[in-house]
Amino acid sequence: MEYFILKIAGLLRKSGINVNSREISDCIRLLKMLDLDKMDKYTFYYLINTTLIKSPWGPDYALWLIELYFGPDLEMSSDHLGILKSRGRFSQEEGHGGSAGKTVPLELLIEAVLNNEIDLIYAVLQGLNLNLELSIEDREKGLAAFRTQSGWNEAADHIEKAYQQDELSEAEYQAARAALEEWNHLLKDEIERQLARNMSSEHLIQEMKKRNPRTVSFLDCDDAQITQMSQEIQKIGRKLAVRKGRRRKVGPSGTINLNRSIRHALKTWGIPLNLIKMQRKQSKPDLWLLCDMSNSVSKFIYFMLMFVFATQQRYANVRSFLFVDQLVEATDYFQEQDWTGSLNNLRKVSCYNRTGYSHYGNVLLQFSDLYLPFLPKKTTVLILGDGKNNRNRLDGSDVLAQIKEKAAALYWLNPLCKDQWDKGDCLMTKYQEYCTDAFSVANIEELEQFLNSL
C-alpha cells in the first residue's frame, strides 16, 4: 500500500499538484494507523484528500483519481445513500438490450429524464457496466457506442416526439434536454475513466492535468472549472499585489550595503560609525493593457483581466484597451470596486469589432497615432492575445519596436503553445522579436512562471 501511495503522489506531481515529502510522509504515517484489512475506497479517498491534496477543489480531484483505480461509487459520488436502492426498481427482463447482455430499463430512464433524476440515471448506468472496446480511442465513436448501449438515443427520440405532439410544455422540454445533457456528461466521464485505464500513464497524466485548475488550458476549460480557476487567479493576484519590487532604498532594516557604508565612513575619516542598510522598495509602475477580445481567446482574456483587477493596487495607473480590428480605450469601465461590476461595465464597450476578424496591424497603427506620444517611460505595456493577424499585409511590428523603445518594458502573453506560434496566420515568432519578451501563458501555472521571471 505504501508503494501505491508513492505512485499516487508521483502522478499528482506530474499533473501539477505540489506534493512535498512531508505530505507523503504524513500520508504513510496515517496509513500505518489504519486497519489495512478494513481499508476501502472511502477510507483511501479521505486519506489522499486530507494529506496530499490541500486545496479548495481537492475533494473533486481526489474523488476522480480514486474512481480511476477503484471504479465509480454512488455513495462517494453523490452521497445519496437511498440511490443504491434504485437498482431494485428495474429487472433484467424489462427494457432493451444493453451492455454485456444486460437490459436497459428504458421506461425508467425516460421517467428519470422527465423528473430530472440524475442520480437515478447514474445508478442505472453503473448497473449496466458499460465497457469501451479496447480498439476504440476516438472519444466521439466511444460516446456514440455508449449512447446506443445505455438507451440515450431512444430516450432523446421519445422526448422529441412527446414535445412535437404537445405532450410536453416548453419548460418541461428544456428541463428534459438539460437532463439528457447531464446523462451525456456521465457517459463522457465514463469514457475518460476507461481510456485512462486502457492507455498509458502519460495519457492518465494528461487527463489529470485537464482536471487540475492550475494546469488546464484557459482556452479549453469548461464552465464548471471557471469558478475554481478564478479563485486561483485571485489568490495569485493578492500575492503579487503585496510583493515588493526589485528596487532598493535606504532603510532601518535590510542587508548591509558595503559600498555605501564605506563612502559614508569617509566623512568621519574612515571610521564606520553608521552601517547603511538597504531594503526592497514597493515599486508602482504604470500598466497599459492591450486585450484581444476575439472569441477564440475570450476565456483567456476573462482570466487575465480578473488577474489585473486583483493586482491594481500594485500599479500607480492602469489603462486598458480592447480590440479585435479597432482599438477602444476601456479604462473608465474598469474602475468599479468589485470584479463583477467591472466585468459588467466592460461588456458595455463596443466599436472594437467591425469585421469579426482580428487585425493587429490596424490596431497597433491606431495605438501609434493616438496613444504612443503619451506613453510614459515608466510604463509596462502588456499585450494579451494569440497574435493571429488573419493574413493582413499590415502587421504592426514596426509599432511594437517603437513601444519597446519608449516604455519600460513590452511583454506579450499568448494563450497558444509555442509550437503553434508559426502555424496558420499566427505571427507570434515575428512579433516576439520586437518585444522585451513574449510568453506562452496557456494556464495558471505558466502565468505564475511568467510573474516569477519578472
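Guide: Two strands pair if DSSP finds at least two bridges between them; with that in mind we can look at this model, which is predicted.

Visitor: In which sense do strand S5 and S8 pair?
Guide: Strand S5 covers residues 286–292, and one of its residues, Leu287, stands opposite Thr380 in S8. DSSP requires at least two bridges for a pair, and S5 and S8 are joined over 6 bridges. The sense of this pairing is parallel.

Visitor: Which residue of S6 is the bridge partner of Leu287?
Guide: Besides its position opposite Thr380 in S8, Leu287 takes part in the pairing of S5 with S6, where 7 bridges join the two parallel strands. The chain forms a right-handed β-α-β unit from S5, helix H14 (residues 298–310) and S6. In S6, the partner of Leu287 is Val318.

Visitor: How many of the 6 residues of strand S8 are buried?
Guide: On one side of S8 the residues are Thr379, Val381 and Ile383, on the other Thr380, Leu382 and Leu384, and both faces are covered. In a regular strand the side chains alternate between the two faces of the sheet. Strand S8 (residues 379–384) is largely enclosed by the rest of the structure, because the number of its residues that are buried is 6 of the 6.

Visitor: Through which helix does the chain cross from S8 to S9?
Guide: Strands S8 and S9 (residues 409–414) run parallel and are joined by 5 bridges, with Leu384 standing opposite Leu413 in S9. The β-α-β crossover between them is right-handed, and the chain makes it through residues 397–406, which form helix H17.

Visitor: Is Asp395 buried or exposed, and at what relative accessibility?
Guide: Asp395 lies in the loop between S8 and H17. Leaving aside neighbours within four places in sequence, Asp395 is in contact with Tyr360, Gly361, Leu364, Asn389, Leu427, Lys430 and Tyr431. The cut-off for a buried residue is under 20% relative accessible area, so Asp395 counts as buried, at a relative accessibility of 12%.

Visitor: What is the relative accessible area of Arg391?
Guide: Arg391, in the loop between S8 and H17, has a positive phi of about 60° although it is not a glycine. Most residues other than glycine have a negative phi. Arg391 is exposed, and its relative accessible area is 68%.

Visitor: What distance separates the C-alpha atoms of Leu365 and Ser397?
Guide: Leu365 is found in helix H16 (residues 360–370) and is partly exposed, with a relative accessible area of 36%. Not counting residues up to four places away in sequence, Leu365 touches Leu394 and Val399. Leu365 and Ser397 are 32 residues apart along the chain, and their C-alpha atoms are separated by 9.5 Å.

Visitor: Of the contacts in the chain between residues at least 6 apart in sequence, what share joins residues at least 24 apart?
Guide: The chain contains 19 helices and 10 strands, and 48% of its 454 residues count as buried. Its accessible surface comes to about 23,800 Å², of which 49% belongs to carbon and sulfur atoms. Among the contacts in question, the share is 73%.

Definitions and conventions:
Residues numbered from 1 in each chain as written. Predicted model: local features only at pLDDT ≥ 70, side-chain atom pairs only at ≥ 80, totals over all residues. Heavy atoms only, no water. Buried < 20%, exposed > 50% of the residue type's maximum accessible area, 1.4 Å probe, protein only. Helix = DSSP H or I, 4+ residues; strand = E, 2+ residues; numbered from the N terminus. Right-handed = clockwise from strand over helix to strand, strands pointing away. Contact = heavy atoms within 4.5 Å. Areas by Shrake-Rupley, 256 points an atom, 1.4 Å probe, with all protein chains shown as cover.
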